[in-house]
Amino acid sequence: MSTLPRDGLVAVVKRDCPTCVMTAPVLGELSRRAGITVYSQDDPTFPETVPGPLDDQALDVSHRLKIEIVPTLIRLEGGRELARTFGWDRGEWERVTGVAGLGQGMPESRPGCGAKNIEPGVIERLKIRFNETGLRSRRIELGDDEDEQEAMFARGWSDGLPLAPPTEERVLRMLDGTARGPQEVVGIVPPALAAATVEKIAVNAVMAGCKPEYLPVVLAAVEAVLDESFAMHGVLATTMFVGPVVIVNGPIRRQIGMNAKGNALGQGNRANSSIGRALQLVIRNIGEGRPQEVDRATLGNPGKLSYCFAEDEEGSSWEPLSVERGLKPGVSAVTVFAGFGLQGVVDQKSREPESLARSMAASLKAIHHVKSAPGCDAILVVCPEHERTFRNAGWSKARLYEELYRLCEIPGDEVVAGANGIAEGGPASLAGKMVNKFRPGGLMIVRAGGDAGMFSGIIGGWSGGGARGSLPVTREVRN
């Protein structure tokens, strides 16, 4: 490891930097007039204007000096830094060095270049070398002949698909996606009741294939499902089909490239797929919520691998779901919902909002079972062409809610056990009454999907006012 001088001038440069090349004569002049130690990040012979530049290709000195831009010029005294400047600025170089008249004939200033020690991958390796990671997760050493993928499968980390190995470098890079401390506890994950730290969540986000910029959304989703009202333990333990569905609102959707348009609920978008998958891996690997153990779903649903999409706010005439649920416009947020599958609403002929609302209500009344009432939950995902029908008629989202709740009133005589020759059904006390398919607030409407096709969808949910099920939860995304 290179030794730093305790006193005098120090410069860090690289040949692959036009500003460093331009300042090479100035470094030579400083060597003659004041004395200077020069470290080169990429070529130990550069600059030739200085006798004996020192080799810092290992980047130890650059890392210890926290170099971000080259050239960087520093004055040390007694091992303590007194002054620093970077790039080329004649006035600043003269201030730091105490030498006047530097760089005659050169421009007054010119920006520098990014230092090699902060390049992606390099900075993480340096932190590991200097034991500066701050990571506390257990390290697992694999044998030379051990396959990484098979090792992760064998240890039970996988949801059944290959994982990205969570190396220290990748986890450190993932943590760059948030300003939150690695050991901050986001929540306690059932059923193991284990602490989900930011670091542990980042490990699972790496395995899921997330980019660092997705991490704030993953953290918000984890916070939301760990809210007591979401009842994550119940979502796991129920024999119903449900798992967390994540709906993302606000500017973060576009910043990280989420899909709210064609095939929004399907495959093909990295952010949508990996964010939902990261949440499920957190539940599996931190909380130990695994199928055929605490996860008792009879059938489950494919969304339990990943169920995450963005609302198409830009094309909508309605307020976003997050605003409807109390957040300010322009705030990035996630809403989590204990949902299953997708039931299509195929109506290609309705051109009036009253007809389309009746189609949607009739489809909504079929979720769970035609006799399941009262107290259901559902998300109605309205496609652009269907939304346009309501927009052209001047229907607000509130008007559509009002109409759907009205249309989902059902005579109790039709839902009691035994009615219509079907043993399934509610108690006899419902007879003679009107019951609503949905509990108050149990229906949520979002807009998403491709511009062509009159195909909306219903995501059924598991509810019961919180006592027998799960309630949706909305959380702001903290950048």
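## Surroundings of Ala-115

Ala-115 touches Gln-41, Ile-67, Glu-68, Ile-69 and Val-70, with residues up to four places away in sequence not counted; contact here means heavy atoms within 4.5 Å. This is a predicted model, in which local features need pLDDT of at least 70, side-chain atom pairs count only at pLDDT 80 or more, and totals for chains, interfaces and linings use all residues. Residues are numbered from 1 along each chain as its sequence is written, and side-chain values use heavy atoms, with hydrogens and water left out.

Ala-115 sits in the loop between strand 9 (113-114) and helix 4. Helices (H or I, at least four residues) and strands (E, at least two) are DSSP runs, numbered from the N terminus. With a relative accessible area of 1%, Ala-115 is buried; buried means under 20% relative accessible area, exposed over 50%, and partly exposed in between (1.4 Å probe, protein chains only). Val-70, one of the residues that Ala-115 touches, is 45 residues away from Ala-115 in sequence, and the two C-alpha atoms are 5.5 Å apart.

An open sheet of 5 strands runs in the order 3-2-1-5-6, with mixed pairing. Strand 3 (54-55) and strand 6 stand at the edges with a single partner strand each, so one side of each has no neighbour in the sheet. Two strands pair if DSSP finds at least two bridges between them. Strands of a sheet pair through backbone hydrogen bonds, either parallel or antiparallel.

Strand 5 (residues 72-77) pairs with strand 1 (residues 8-13) in the antiparallel sense over 5 bridges, and Gly-8 has Leu-76 in strand 5 as its bridge partner. Strand 5 also pairs with strand 6 (residues 80-86), again antiparallel, over 6 bridges; there Ile-74 stands opposite Arg-84 in strand 6. The hairpin of strand 5 and strand 6 has 2 residues between the strands, and in this hairpin Gly-78 takes a positive phi near 60 degrees.

## Salt bridges

The structure holds 30 salt bridges, each defined as a side-chain nitrogen of Lys or Arg within 4 Å of a carboxyl oxygen of Asp or Glu. Side chains of opposite charge can pair when their charged atoms come close. Arg-173 counts as partly exposed because its relative accessibility is 30%, whereas Glu-124, at 3%, counts as buried.

Arg-277 and Asp-159 form another salt bridge, at 2.6 Å from N to O. Arg-277 belongs to helix 11 (residues 270-285) and Asp-159 to the loop between helix 5 (148-154) and helix 6, 118 residues apart. Here Arg-277 counts as buried at 11% relative accessibility, and Asp-159 as partly exposed at 23%.

A salt bridge of 3.9 Å (N to O) connects Glu-184 and Arg-478. Glu-184 lies in the loop between helix 6 and strand 10 (185-189), and Arg-478 in the segment after strand 20 (473-476), so the pair ties together parts that are 294 residues apart in sequence. Glu-184 is partly exposed, with a relative accessible area of 27%, and Arg-478 is partly exposed at 41% relative accessibility. Elsewhere, Lys-261, Asp-312, Glu-387, Arg-391 and Arg-447 are linked in a network of salt bridges.

## The largest pocket

The largest pocket holds about 840 Å³ of space. On a 1 Å grid over the protein atoms alone, a pocket is an open set of points where a 1.4 Å probe fits, with protein on both sides within 12 Å along at least five of seven lines; lining residues have an atom within 4 Å of a point. Grid points are joined across faces, edges and corners, and a volume is the space filled by probe spheres set on the points.

The largest pocket is lined by 27 residues, and those closest to its centre are Arg-138, Ile-140, Trp-157, Pro-166 and Val-203. Helix 5, helix 6, strand 11 (194-197) and helix 7 (198-208) are the elements that give two or more residues to the lining. Helix 7 gives the most, with 5 residues. By class the lining has 14 nonpolar, 4 polar and 9 charged residues; Ala, Val, Leu, Ile, Met, Phe, Trp, Tyr, Cys and Pro count as nonpolar, Asp, Glu, Lys and Arg as charged, and the others, Gly among them, as polar.
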